[in-house]
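Dear colleague,

Here is the structure I said I would pass on. My notes on it follow below.

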Amino acid sequence: MASQLDKVFTADPKSVFELFLSKGTVGFYIPAYQREYSWDENNIARLFEDICGGICSLYEHEDAITFIGTIISILDTDHKTIKPYIHGELPSEVMSVIDGQQRLTTLSLLATCYYQKLVALQYEISSTSMELNSWIQNTVNPILNRLRQVLEIDRFSSDEKYRYYPKVTRSYADQWSTDSETAQYDSPIASYLFNFLTYIHSDLQLKPRGVLNYEIPKHIPKENLAKHERVIDNVNSLSKKIDLIINKGGDDTYRFPAIEDILSNDEIQIRLLDKIVPKTILASVENITEGEKSKFHKIIRLFILVNFYLDRVAVTSVVATNETYAFDMFEALNTTGEPLTAFETFKPKVIDLVGVKAYENSQERTYINNIDETLDKYKKAEDKQNATTRLLKPFRLALEGDSLSKHLSDQRRFLNKAFDSLDSVVSKHNFVKSMYETSIFLKQCWPEKKQDFPNLKCFNGFESKELELCLGMLRDANHSITLGIFVRYFSEYNSSNKTEEDFNKFVSIVQAVTAFFVLWRSTRHGTDGIDNAYRDLMKNGHTQDGTLICKPICFSMNKDIVDLPSVKDLQQALYLKLNDKFKGPISRDTYISRAKNIQTFKNNKALTRFMLLIASDDVVCSSQYNGLVEKGVSGSAPNFNSEKWEYFKTIEHIYPQSKPKGWSDCLSEISSEHVIGNLLLLPQYINSSLGNRTWEEKKLILRLLCCKTEDKRNELIDLAKTKSIELSFSTGSIAIGSKYMSHVEAVSQVDDWTNDFVSKRSENIYGLVWDNIIQWLK
């Protein structure tokens, strides 16, 4: 098969002059999704170190260059990425910059600095030697012409001010035009370049008045001033670096060949100056004052700097045929830069949807800015990309019911295709709104850091400790597949009257999903297809015997349906999916028999902790079976809430995980030390005191936690000291008669910890789990 790679992209090494002079009239266009110009003093210092290093290498080797990276762009012949523009007013060739705008902008600013230094120096030298003055002028003028070609596009229009286009512009802020009514250069780089070009073309027959005194245009909004000041600061920084090199011949950081060595060697002059300084000129220099000689040396160094910049500072110019290929190339080639996230490249579509002028005060701008604020707190590129992935994965679940990879190219294709496929402005508005609501929900109800517990600020003052607990458990269990459902119903709440009834509906949705997750996962050793069950429900809803029980939930499948499935419909659909998995109606007995031998601790620790907590809610010691518990009256042990989730953080293995000493041999044949009947929920500060102790020692510590009188507590403390049991917690901090410890008190009454008891306790716990959560599905 013949290769057609040239139809996808080309990659060519180019000098700065070749890059800016591609076909003579190339304009570089920076799309809206590109970050603002941000190079600082450190970046500029590194650039000059590399340039000076390259010049020193060229002094020694005739083939030396300084490579500064890759410029990736799109040759936009159809002008699809150019916004706004006027037909007939664009440069003949427009390159939309995907990567390299920081380098491109700085190279443009550097050209303005070189230009002004050359003009100023040629008029500073006022030698009595006409030959010397003539030689300097004849050398300077071609270089100035080349620098102008780097900076401007000559449109040969009658309006001298707007005849010359700046070669670098930015979307929305700038518009190429030869008409004063439509030309616009408000971005920091284009504003500076336009003013510079206006200045140098203002009166060429007169001596320049010195360095351009650029002032930020008064119409620039206050919030954009810092961006313009960045350009001014960098121009000053570039100028100072040039002065250091041409005035002093560099220093230890910016090395530069000795001027005497250059002027005494014709071969070196050809390499560095691209010409030989005539002997008569060198003789003239010997007869001028030291001050004039110093100026001559300065301009020679400047010639070397500018020639090297134009012809030996090199980039790889990668030109792709479309945006998708360009981003793929960028992702593959990028090693040190900060790749733009899929969200950043998506934002221009939203601006196009609303219109540039209307966007400033639009609801869409509020949505986009809110997401930006969330993502911009991540300063490292990798962290920002991870945060973007964290946003887009649940957003796609809510939108289409599908998963999304973490690769940039896949994320960009998803956003572009999904947005472009929507056939109305309203649908596209809802698309942006849904992304915003996804961001809000994640930030508050599904926080990234494990130590941050879900809060319900986005629910207008409504509170539910049970809702916080369910969300916290699902988050800790890494069950993010549920986010698609939650985001859709959160969007519904956000569009409602936000009454208590609306809030309670959302609570019921989360409870139903939580119950489904608990009953599915606690009866299986792994996930066993649960993600596919959610996706099927999101995309297709649920049909039973030809009847639609539950409508599809995801945005794209449901965009023409006003209401999402009711709580009852979703509960029924989830319950029927459980029945399908159990191959028959699920009941309390079938659930217990399936769950009791599962190694739940190894299966999912967050799920295990949740089940132990809900099984300890409002329980008392069993009146019939020693060591077990039964349901008590409401409020007898109120454990099922987010506060107790934070309090009971430790899961203790009664029969230890490692090979313990002092335990009955028969327990070595326990079905697994990870079954729920061998596990006990405890406050975190207790766990280290238990460790691998014998049952008698553990039992004493557990009894100490549950004692109901101070005398009994003191008696047990003395007994612990007698048995040399060291306690890692303060015994004075234990609340006498704590009503949250019924599940611990029951276990402390067991005489022997046996296989038979562990099995019975597993059944006891799972029975309580079932009793508490099955109501969430019915």
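Pro-84 sits in the loop between strand E3 (66-75) and strand E4 (93-99). The peptide bond that joins Lys-83 to Pro-84 is cis, with omega at about -5°.

Please keep in mind that this is a predicted model. The mean pLDDT of the protein is 88, and 91% of its residues reach 70 or more. Confidence is highest in helix H20 (residues 500-521), where the mean is 97, and lowest in helix H27 (residues 687-690), where the mean is 66. Where pLDDT is low, the predicted coordinates should not be read in detail.

I looked at helix H19 (residues 483-494) in some detail. H19 is mostly covered, with ten of its twelve residues buried. Among the buried residues are Gly-484, Arg-488 and Ser-491, along with Phe-486, Tyr-489 and Phe-490. The buried residues of H19 pack against six helices: helix H15 (381-400), H17, helix H18 (465-476), H20, helix H21 (530-540) and helix H22 (567-582).

How do H19 and H20 run relative to each other? Their axes come within 10 Å and cross at roughly 170°. An angle over 145 degrees counts as roughly antiparallel, and H19 and H20 are therefore roughly antiparallel to each other. On the H19 side the contact is made by Ile-485, Phe-486, Tyr-489, Phe-490, Glu-492 and Tyr-493; H20 contributes Asp-502, Phe-503, Lys-505, Phe-506, Ile-509, Val-510 and Val-513. By class, the contact of H19 with H20 has ten nonpolar and three charged residues, and no polar ones.

Ser-434 belongs to helix H17 (residues 425-445). Its relative accessible area is 5%, so Ser-434 is buried. Neighbours within four places in sequence aside, Ser-434 is in contact with Phe-395 and Ser-491. Ser-491 is one of the buried residues of H19.

Asn-478, in the loop between H18 and H19, has a positive phi of about 60° although it is not a glycine. Asn-478 counts as exposed, at 60% relative accessibility.

The axes of helix H25 (residues 605-614) and helix H31 (residues 755-773) come within 8 Å and cross at roughly 80°. That makes H25 roughly perpendicular to H31. Met-611, Leu-612 and Ile-614 of H25 make the contact with Ile-765, Tyr-766, Val-769, Asn-772 and Ile-773 of H31. By class, this contact has seven nonpolar residues, one polar residue and no charged ones.

Asp-618 is placed in the loop between H25 and strand E13 (619-621). Asp-618 also has a positive phi, near 50°, in a residue other than glycine. Is Asp-618 buried or exposed? With a relative accessible area of 10%, Asp-618 is buried.

Helix H16

Helix H16 (residues 408-421) has 14 residues and reaches 20 Å from its first C-alpha to its last, close to the 20 Å expected at 1.5 Å a residue. Its buried residues are Leu-408, Ser-409, Gln-411, Arg-412, Phe-414, Leu-415, Ala-418 and Phe-419.

Regards

Notes: Residues numbered from 1 in each chain as written. Predicted model: local features only at pLDDT ≥ 70, side-chain atom pairs only at ≥ 80, totals over all residues. Heavy atoms only, no water. pLDDT = per-residue confidence, 0-100. Helix = DSSP H or I, 4+ residues; strand = E, 2+ residues; numbered from the N terminus. Expected span 1.5 Å × (residues − 1). Buried < 20%, exposed > 50% of the residue type's maximum accessible area, 1.4 Å probe, protein only. Axes fitted to C-alpha atoms, helices over the stretch in contact; angles between N-to-C directions. Parallel < 35°, antiparallel > 145°, perpendicular 65-115°, else oblique. Contact = heavy atoms within 4.5 Å. Nonpolar A, V, L, I, M, F, W, Y, C, P; charged D, E, K, R; others polar.
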